[in-house]
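Subject: Structure for your review

Dear colleague,

Please find below the structure that I am handing over to you. My notes on what was found in it follow directly after it.

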Amino acid sequence: MSCSCSQPSEDGIHVFDARGIAKRFRHAAIFGALDALDPGETMRFANDHDPLPLLMQIEQHFGGRVRATYRQRAPGAVVIDFLVS
């Protein structure tokens, strides 16, 4: 299993590419990554599909502390910025 996580870019965005993570571990890995962020940090999430159930789970777990903004929403290529406040 490989995780395409990277050091933050110059603009402070942490890249998280979920496509390299086994599906059974994805949600746990995503929640762990979001828990590790400090207020003001952003995780740029890449996936092969629109993760609507995941977005609902994030809202239930984090409430208003995590804001999701789509950067790309195309079939097979979804990119979402999660900003932690």
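In the hairpin of S4 and S5, 2 residues lie between the strands, and glycine 76 takes a positive phi near 85° there. The model is predicted: local features need pLDDT of at least 70, side-chain atom pairs count only at pLDDT 80 or more, and totals for chains, interfaces and linings use all residues. Residues are numbered from 1 along each chain as its sequence is written, and side-chain values use heavy atoms, with hydrogens and water left out.

Strand S4 (residues 66-74) pairs with S5 in the antiparallel sense over 8 bridges; two strands pair if DSSP finds at least two bridges between them. Alanine 74 has alanine 77 in S5 as its bridge partner.

The chain as a whole contains 2 helices and 5 strands. Helices (H or I, at least four residues) and strands (E, at least two) are DSSP runs, numbered from the N terminus. Read from the N terminus, the order of the elements is β-β-α-β-α-β-β. Of the 85 residues, 33% count as buried, where buried means under 20% relative accessible area, exposed over 50%, and partly exposed in between (1.4 Å probe, protein chains only).

Strand S2 (residues 13-17) is mostly covered, with 4 of its 5 residues buried. S2 and S3 run parallel and are joined by 5 bridges, and histidine 14 stands opposite methionine 43 in S3. From S2 the chain crosses through H1 to S3, and this β-α-β crossover is right-handed. A crossover has that hand if, with the strands pointing away from the viewer, the path from the first strand over the helix to the second runs clockwise.

How many aromatic pairs does a search of the whole structure find? The search finds 3. Rings of Phe, Tyr and Trp (its six-membered ring) pair if their centres lie within 6.5 Å; planes under 30 degrees apart count as stacked, over 60 as edge-to-face and the rest as tilted. The ring centres of phenylalanine 31 and phenylalanine 62 are 5.8 Å apart and the planes are at 15°, so this pair is stacked. Because phenylalanine 31 lies in helix H1 (residues 23-36) and phenylalanine 62 in helix H2 (residues 52-62), the pair ties together parts that are 31 residues apart in sequence. Phenylalanine 31 counts as buried at 15% relative accessibility, as does phenylalanine 62 at 6%.

Phenylalanine 45 and phenylalanine 82 also have ring centres 5.8 Å apart, but their planes are at 65°, so the pair is edge-to-face. This pair links distant parts of the chain, 37 residues apart: phenylalanine 45 is in strand S3 (residues 42-47) and phenylalanine 82 in strand S5 (residues 77-84). Phenylalanine 45 is buried, with a relative accessible area of 1%, and phenylalanine 82 counts as buried at 1%. Ring pairs link Phe16, Phe45 and Phe82 into a cluster.

Alanine 68 lies in strand S4 and is partly exposed, with a relative accessible area of 39%. Not counting residues up to four places away in sequence, alanine 68 touches Leu55, Ile80, Asp81 and Phe82; contact means heavy atoms within 4.5 Å. Alanine 68 and phenylalanine 45 are 23 residues apart in sequence, and 9.8 Å separates them in space, C-alpha to C-alpha.

Yours sincerely
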